[in-house]
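User: Could you take a close look at one helix for me and walk me through how it sits among its neighbours?

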Amino acid sequence: MALIVLAADKGAPGVTTASTALAAVWPRPVLLAECDPAGGDIAYRLPASDGGVLNPGKGLLTLAAGARRGLEPAQIHQHTQKIVGGLDVLAGLTHGEQAAGLTWLWGPLGRALAAIPEADVIADCGRLGGHPQLGDLLAEAETVLLLTRATLDHVAHLRERLTVTKAHGVVVIADPRNYRSSIEDVRRIVGPSVAFVHGLAHDPKGAELLRGQWGGRLDRSLLIRTARDLAGRLVSRP
């Protein structure tokens, strides 16, 4: 099905939170894959389906250990875990130093994720720039989304990043108090360099609920409500 990449430039404004929220409300079967070469924290942030903790040693690193002779889509689910709510996740590297020996991984990983037949994949790629090999994964994505806040410094970095990274859309992490105007401001600045600009609410309380207290309160949060709108727009794109 489809590989959807979320990433950011300097500051990485909530890429992991945005990826998790989007995957949580995705209207089709989905896998959340932590593909940040700098290391991830899903294993420490999200509870396992039984209420315990995820195994930080199972995920991208164990997948890579068995993939040097080739990586097939069917191998990926052998290394995934379920979090509370039933979402399948591929936990990322535990620290950035591990990426030094995995420069070969990102292209084959992108091809395998894009070819998973039974689910879409939402890939959290963190901050771009420090690991140029990550471009091999981005090249396999159907949709690349760059996240930004609606501040001068973040948008300036975004414009520079758009000159060197093929992105299809921008997601503005916007203050609910000026949500629509923030999105419009960024849309006007980036112009025709991307196909679309959408928003996601900056909602610290909702993000905290997403760390484990899944349920009615989370479902009513601004984070999840705007994530559901974003997911619907992405799925309905031609």
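Predicted model: local features only at pLDDT ≥ 70, side-chain atom pairs only at ≥ 80, totals over all residues.

Analyst: Residues are numbered from 1 along each chain as its sequence is written, and side-chain values use heavy atoms, with hydrogens and water left out.

Helix α7 covers residues 152–162, and its buried residues are His154, Val155, Leu158, Arg161 and Leu162. Buried here means under 20% relative accessible area and exposed means over 50%, with a 1.4 Å probe and protein chains only. Looking down the axis of α7, those buried residues sit within an arc of 120°, so they line one face of the helix. On the other side, Leu152 and Glu160 are exposed.

What does the buried set pack against? Its partners are β6 (143–149), β7 (169–174) and α8 (179–190), with contact meaning heavy atoms within 4.5 Å.

Now for the α8 side. The axes of α7 and α8 come within 11 Å and cross at roughly 40°, with the axes being lines fitted to C-alpha atoms over the stretch in contact. Val155, Leu158, Arg159 and Leu162 from α7 meet Val186, Ile189 and Val190 from α8. The residues of that contact split into six nonpolar, no polar and one charged, with Val, Leu and Ile among those counted as nonpolar and Arg among the charged.

Methods
Helix = DSSP H or I, 4+ residues; strand = E, 2+ residues; numbered from the N terminus. Arc of directions from axis to C-beta. Axes fitted to C-alpha atoms, helices over the stretch in contact; angles between N-to-C directions.
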